[in-house]
Amino acid sequence: MHNSPGFAHNRTTRLYTHFSYWREGVIRLDSAKLPDRIRLYREALGFSPDLIVREMRLCGELPVAVLFMDGMVLAQALHDFVIQPMLKTGTAPFDLASVPKESLPALLIQEVLSAGDLSVSSDFEELITSLLSGEAILLLQGTENCIRVKVTGIEERSVSEPLTQTVVRGPMEAFTENSQTNIALIRRKIRDPRLWLEQLRIGSLSHTRVSLLYISSIASETVLSEVRERLNRIDIDGVLESGYIEEFIQDRTYTPFPTVYNSERPDVVAAGLLEGKVAIIVDGTPFVLLVPALFVQFFQSAEDYAQRFDISTLIRLMRYLSFFIAMLAPSIYIALSTFHQEMLPTSLLINLAAQREGVPFPAFIEGLLMEVTYEILREAGVRMPRTVGQAVSIVGTLVIGQAAVQAGIISAVMVIIVSITAIASYVMPSGSMSISVRMLRFVFMGLAASFGVFGILIGIFGLVFHLCGLRSFGVPYMSSLAPFITQNQKDTLFRYPWQHLTTRPLLVNKKNVRRQKQSK
C-alpha cells in the first residue's frame, strides 16, 4: 500500500508544503516542539531509514536530539564527544533554567561538548546538507539554533601511488576522492600562511564541495576573479567529477586541445601554485584542476625537476618529437606512397610496392582500418578486467596483426607505422593531450589521402593558427612560444639548471615574478 503512486504523490505534496510553510515563516523552528522538528527532518529525507535519531534530556530536563546518517559518522567519536558528555551534564557548572535558550548552543560548545569541529547554525537547508555530508546535528527544544558536529566517518581510499602519471624518481603519492585529504597533501608541500583556501558548493542536488587553492602573494587577481565568476555561473543538478567543472569553465568548447590541466599528483599541483596558478579541488575525485593551462605544460612531467637538467631536457625533446610522430606518421606514409613516390629511395619504393602487391585497399583505407582496430583494442584493454586486459592486448597486437599481414589485408609496413604511432602517443605525460593527438591523426590522414603533402602542410598551418588563437583564462595558450618570451625559454623546450630558473612564467604571473636570487 505504501508503495502505491498515490501514497508517493501525497507524501511529496506534504513534503513540499512543509518546506513552503517553513520558508514563509508559518512553521518556526524555535517555537515548534522537538518531535515536530524531528519530523520535519524525517520528511525532508523522505522518511529514510538510514536517518538515526537519538533523543535524550539535557540535565534530565531539556529535550534534545542527535541526528546523523547511518554509516556516515564515526559512531565511537559521536558517543564519546557528544552523547556521553550530554548525559553527564547533571554536574555542569551552569544552571539550565537561568540560561537563555538562544545562548544555550554556544554554552554547550564551550562547557560540555568535546568534539573538535563544532558550529552553530539555524539555516535548515545548510543543516540538511551537513547531515548528508556526514555531520551530526544536535537539536535543542525551544531554539532554532542547532549545533553541527563534524564526526565524519565515511569509508575512503587511502593515499596510494599515482596510476596515470607515474614517475621513476619523485614522490609516490596521489590524490584521493576526499577533498580535505587532497588539501592536506598540498599543504604538506607548501607550508605558508599565504596559501589561501576558498570553498563553495555546486550542484542543486549533489551540493558538491569545490575548493579554490592559491597563493595570495603570487596568484593573479584577474585570473582569480575569472575563476570565481565562471564557477558561480555553473547551474547544474549534480557534479560527480572534476570533468563536469572543466567543461563549464574552459575558454572554448569546440577544440580538441585541453585548456584546463588536471593532475592526480600533489607535487604537480604544488608546483603550479608556486607559478601563480589556481587549483580547483572537487570533492569525490582524485583529479585536481589547474588553471590557466598552457600548451607546453602538457609536455612537462614532475620527473623533469627531479632528474638532472640535461637528462630532463633530452626526455622533454623526445616528447615533442613523439607528439609529431603520433600525429603525422600515418599521414606522411599515405602521402608518400600515394602521391609522392619519387621522394622515396628506389630500393625502399620497390620493397613497398612488393609488400602492397596483394593488398586490395589503398593506403588511406589500409591505415584507417588499422587505426580504428587499434583504438577498439585499446578501449577494450582499458574497460576489461585487469586479469584479461593484458591478454586482449597481446592477442590484438600480435595475433591479429600478423594474421592480417599474412592474409594480405594489411601491409607489414603499415603495421609498423601504426605500432610506432601508438607507442609515441603514450610518451606524453598528459592523457588529455594524448587523446587530442589521436583525434587529429585521422584528420591529417584524410588530408594526406586527398591532397598529399600539400594537404598535410595546410593542416599544420591551420593547426598552428588554431593553437595561437586559444586562451586559458586570458593567458595565450601557446605562451611562451607565441608570443615568444625569451625569459621563459628556460623551462619550455629545454629545462635549465635550477640555479637559472630565477623567475616565474610571465603572462601567467605578474605580481611576484622572482622566485629565487640570481645565481652568481
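**Exercise 1. State what covers the buried residues of helix 4 and where on the helix these residues lie.**

Solution. The cover over the buried residues of helix 4 includes strand 1 (51–58), strand 2 (62–69), helix 3 (75–87), strand 3 (118–121), strand 4 (136–140) and strand 5 (146–149). Contact here means heavy atoms within 4.5 Å. Helices (H or I, at least four residues) and strands (E, at least two) are DSSP runs, numbered from the N terminus. The structure is a predicted model, in which local features need pLDDT of at least 70 and side-chain atom pairs count only at pLDDT 80 or more, while totals for chains, interfaces and linings use all residues. Residues are numbered from 1 along each chain as its sequence is written, and side-chain values use heavy atoms, with hydrogens and water left out.

Next, identify the residues: in helix 4 (residues 104–111), Leu104, Pro105, Leu107 and Leu108 are buried, that is, under 20% relative accessible area, with exposed over 50% and partly exposed in between (1.4 Å probe, protein chains only). Viewed down the helix axis, these residues fall within an arc of 165°, so they line one face of helix 4. The arc is taken from the directions from the helix axis to the C-beta atoms.

**Exercise 2. Describe the strand order and the edges of the open sheet of five strands.**

Solution. The order is 1-2-4-5-3, and the pairing is antiparallel; two strands pair if DSSP finds at least two bridges between them. Strand 1 and strand 3 form the edges, each with a single partner strand, so one side of each has no neighbour in the sheet. Alanine 136 stands opposite valine 149 of strand 5.

**Exercise 3. Locate the largest nonpolar core relative to domain 2 and domain 3.**

Solution. A nonpolar core is a set of buried Ala, Val, Leu, Ile, Met, Phe, Trp, Tyr and Cys residues joined through side-chain atoms within 4.5 Å. The largest has 63 residues, and Phe257, Leu273, Phe295 and Met433 have the most contacts inside it. Helix 10 (residues 309–338) gives the most to this core, namely nine residues. Domain 2 (179–293) and domain 3 (305–476) both contribute residues, so the core lies between them; the domain bounds come from an automatic or database domain assignment. Apart from this core lies another, of 26 residues, among them Met56, Val64, Leu78 and Leu140.

**Exercise 4. Characterise the surroundings of leucine 132.**

Solution. Leucine 132 belongs to helix 5 (residues 124–132) and is partly exposed, with a relative accessible area of 42%. Neighbours within four places in sequence aside, leucine 132 contacts Leu45, Met69 and Met72. Leucine 45 is 87 residues from leucine 132 in sequence, and their C-alpha atoms are 9.5 Å apart.
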